[in-house]
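Take a look at the sequence and the fold below. The report after them walks through the main features.

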Amino acid sequence: MLNALLSIMESEVSTTGECFCGEIRYQVQGKLRDGRSCHCSRCRKAFSSQASAYALVERREFEWISGQDLLTSYVSKHGFGLQFCSKCGSTLCGIFNGFIHGITLGCVNGDPEVEIGKHIYVGSKASWEVMPEGVVQYNEGAPESD
Ligand SMILES: [Zn+2]
Ligand SMILES: [Zn+2]
């Protein structure tokens, strides 16, 4: 009984996010998973930052609330892409083969109850980035990273 109640409450955990201008908004009806930060040169450019900050979502738990018509996609030849706001430039999510794959943590509102659990491709980080002590880091991809 209690377990059933808890699982109902858990399924109602909702995370929202939006771009810088606020026109595009989404919600995730469920938990974010596998928060990670990738320091490779491609992620640095894609995120205009020292690294990515990204967590996975379940496709069926993700939904756009507003502004979806402003979304622009950039898809690489491997089928992986990013979607961003054509008005303000915020990168909101990653897609794989046309479906939502994960969201950028920078656009999440409030506390999504997920942490960056690993830093990957630290071996190719920018020369100007100083890694904080004590974080889990890998020179390349993490084992069983997806
Ligand atoms: Zn925007
Ligand atoms: Zn990367």
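## Confidence and layout

This is a predicted model. The protein chain has a mean pLDDT of 92. In the chain, 90% of residues reach 70 or more. Confidence is lowest in helix α1, residues 2-11, with a mean of 57. It is highest in β4, at 98. Treat the α1 region with that value in mind.

The protein chain holds two helices and 10 strands. Read from the N terminus, the order of elements is α-β-β-β-α-β-β-β-β-β-β-β. Of the 146 residues in the chain, 27% are buried. Among contacts with a separation of 6 or more, 53% join residues 24 or more positions apart.

## Strand pairing

Start with the open sheet. Three strands form it, in the order β1-β2-β5, and the pairing is antiparallel. β1 (14-18) and β5 (62-66) stand at the edges. Each has a single partner strand, so one side of each has no neighbour in the sheet. On average, neighbouring strands of this sheet are turned by 25° against each other, direction ignored.

β2 spans residues 25-29 and is joined to β5 by four bridges. One residue pair shows the link: Arg-25 has Ser-66 in β5 as its bridge partner.

Now turn to β3, residues 33-38. β3 runs antiparallel to β4, and two bridges join them. β3 also pairs with β10 (residues 118-120), this time in the parallel sense. Arg-36 stands opposite Tyr-54 in β4. Arg-36 also stands opposite Lys-118 in β10.

The table sets three of these pairings side by side.

| Strand pair | Sense | Bridges |
|---|---|---|
| β2 and β5 | antiparallel | four bridges |
| β3 and β4 | antiparallel | two bridges |
| β3 and β10 | parallel | three bridges |

## Nonpolar cores

Which residues have the most contacts inside the largest nonpolar core? They are Cys-19, Val-57, Cys-85, Leu-92, Ile-103 and Cys-107. This core has 18 residues. The largest share, three residues, comes from β7.

Leaving out residues up to four places away in sequence, Cys-85 touches Cys-19, Cys-21, Glu-23, Ile-24, Leu-70, Ser-90 and Leu-92.

Most residues other than glycine have a negative phi. Two residues here go the other way.

Ser-48 is not a glycine, yet its phi is positive, at about 50°. Where does Ser-48 sit? Its place is in the loop between α2 (41-47) and β4. Is Ser-48 buried or exposed? Ser-48 is exposed, because 9 other C-beta atoms lie within 10 Å and the cut-off for exposed is 12 or fewer.

Asn-97 is also a residue other than glycine, and its phi is positive, near 50°. Asn-97 lies in the loop between β8 and β9. Asn-97 has 10 C-beta neighbours inside 10 Å, so Asn-97 counts as exposed.

Notes
Residues numbered from 1 in each chain as written. Chains lettered and ligands numbered in written order. Predicted model: local features only at pLDDT ≥ 70, side-chain atom pairs only at ≥ 80, totals over all residues. Pairing = 2+ DSSP bridges. Axes fitted to C-alpha atoms, helices over the stretch in contact; angles between N-to-C directions. Buried ≥ 20, exposed ≤ 12 C-beta atoms within 10 Å, placed from the backbone. Contact = placed C-beta atoms within 7 Å. Core = buried A, V, L, I, M, F, W, Y, C linked by C-beta atoms within 7 Å. pLDDT = per-residue confidence, 0-100.
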